[in-house]
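Please look over the sequence and the model below before reading on. The paragraphs that follow go from the chain as a whole to some of its charged pairs.

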Amino acid sequence: MKVKLTLLYISALALGAFFGQFTSSLVGVLPEAVSESSGLLYFDDTLISHNDSGNAPILYQLNKKTFKVEKEIEVVNAKNIDWEDLAQDQNYIYVGDFGNYWGDREDLVVYKLSKKDIRTLSKVTAEKIYFNYPDKKIIRVKAVVILMQKLCFVKITSFIF
């Protein structure tokens, strides 16, 4: 199964909805290796993506024009229970393993990966940042962003059809 890749970000969705304008265009087709792509970011003139829940703990570095896999980066001390998104700051890439559809997970984690390691190694070790929600309610976090040097989570509160 090939997945069509449209380069849209949550901020673009929110701004588009806010201003009443929304356009997108097909820019490529992802390879089979990332057929369940759940996160995407631009890094060192390439794209980095990963697959959704239950897949191997691997980041895929893709050519930004052809979308072919140029490198696979295994996160050796991680599991992909339900990877949802990626974010980055100047020195690190963050992988959010916080998918929690049923609200029963107590092992929510963000993996912090050194950009230096990602540039030079095919197997990296992550720093683990564990967290939970104090009220234990079902919270469906779908994205993580860096804002003012802090990890910020974007949750779904309702669906609009």
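What percentage of the 161 residues in the protein chain do buried residues make up? The share is 37%, where buried means under 20% relative accessible area, exposed means over 50%, and partly exposed lies in between, with a 1.4 Å probe and protein chains only. This is a predicted model, in which local features need pLDDT of at least 70 and side-chain atom pairs count only at pLDDT 80 or more, while totals for chains, interfaces and linings use all residues. Residues are numbered from 1 along each chain as its sequence is written, and side-chain values use heavy atoms, with hydrogens and water left out.

The protein chain contains two helices and 13 strands, which are DSSP runs numbered from the N terminus (helices are H or I with at least four residues, strands are E with at least two). Of the contacts in the chain with a separation of 6 or more, 43% are between residues 24 or more positions apart, a contact being heavy atoms within 4.5 Å. The chain exposes about 10000 Å², and carbon and sulfur atoms supply 54% of that area, as computed by the Shrake-Rupley method with a 1.4 Å probe, where for residues only the protein chains shown count as cover.

Across the whole structure, a search finds six salt bridges, each defined as a side-chain nitrogen of Lys or Arg within 4 Å of a carboxyl oxygen of Asp or Glu. One of them joins the side chains of Asp44 and Arg119, with 2.5 Å from N to O. Because Asp44 lies in the loop between strand E3 (37-43) and strand E4 (46-51) while Arg119 belongs to helix H2 (residues 115-120), this pair ties together parts that are 75 residues apart in sequence. Asp44 is partly exposed at 40% relative accessibility, and Arg119 is partly exposed as well, at 47%.

Another salt bridge connects Lys64 with Asp45, whose closest N and O atoms are 2.6 Å apart. Here Lys64 sits in the loop between strand E5 (58-63) and strand E6 (69-75), and Asp45 in the loop between E3 and E4, so that the pair links distant parts of the chain, 19 residues apart. Lys64 has a relative accessibility of 33% and counts as partly exposed, as does Asp45 with 44%.

A further salt bridge brings together the side chains of Asp97 and Arg105, at 3.1 Å from N to O. Asp97 is buried, with 0% relative accessibility, and Arg105 is buried with 14%. Asp97 and Arg105 also belong, together with Asp107, to a network of salt bridges.
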